[in-house]
Amino acid sequence: MRNQKVSYLTRLSVLVAVIVVLTVLNIGNIPIGPIVATIYHLPVIIGAVILGPAAGLILGGFWGLLGFILALTGNTTDVVALTIIQQSPLIYFVIAFFPRLIMGGLAGLTSRGFQKVFKKRRFPGYALTGALGSLYNTIFYLGALWLLAAPVIAEIYEISLETVGGVIIGVATTNGLVEAGVAAILVSAISTALTKFLPYNSTHKEKT
């Protein structure tokens, strides 16, 4: 029991550290042709896969809170975030925090569902969870921007308010799909390696 808790907290701490490094140093971007795919959300999804939904919530919430703090202190290159937070810190907190929190929890539940479907064949479930987790992040974050900050986006990109939805959908169907593919590959590979060489039974902790 104690070893399980230590293993859980150790893995959670390592993933928190990875989130901090990627986000603070702004090194989570991968250029793929004309599209830049981000991998900031991958530690959250991996944690949700190997540690369970509760870990996904913790990691997603931490990532969202960290993003909000960086924007609040001006330590980010995200022009949209900086503009929104100047107008309403509360609105940007909602945009930054809750989509990531929900994404992490849902990724964990999705992984649990695929475990029941694929049984011992973990790789397909990990890949699908990676892709869907990435799409959750894209849909929830961009959806929150659309609902809560459409006028700001229209002002920044000098477009009409009516066309904001089309722009957001365009980003979701280009960058979002590419990021989902990248997430499927990396989450499946990393999660498979972690569960094979550093086994951990995430369901044990949540039942005890």
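1. Asn26 sits in the loop that runs between H1 and strand S1 (29–32), where helices (H or I, at least four residues) and strands (E, at least two) are DSSP runs numbered from the N terminus. Asn26 has a positive phi of about 55° although it is not a glycine, and it is partly exposed, with a relative accessible area of 37%; buried here means under 20% relative accessible area, exposed over 50%, and partly exposed in between (1.4 Å probe, protein chains only).

2. This is a predicted model, in which local features need pLDDT of at least 70 and side-chain atom pairs count only at pLDDT 80 or more, while totals for chains, interfaces and linings use all residues. Residues are numbered from 1 along each chain as its sequence is written, and side-chain values use heavy atoms, with hydrogens and water left out.

3. Glu158, in the loop between H6 and H7, also has a positive phi, near 55°, in a residue other than glycine; Glu158 is exposed, with a relative accessible area of 74%.

4. In the largest nonpolar core, which has 28 residues, Ile45 and Leu51 touch the most other members; such a core is a set of buried Ala, Val, Leu, Ile, Met, Phe, Trp, Tyr and Cys residues joined through side-chain atoms within 4.5 Å. H2 gives the most to this core, with 8 residues. A second, separate core of 20 residues includes Ala71, Ile84, Ala150 and Val152.

5. H7 contains a kink of about 30° centred on Gly176, the bend at a residue being the angle between axes fitted to the seven residues ending there and the seven starting there.
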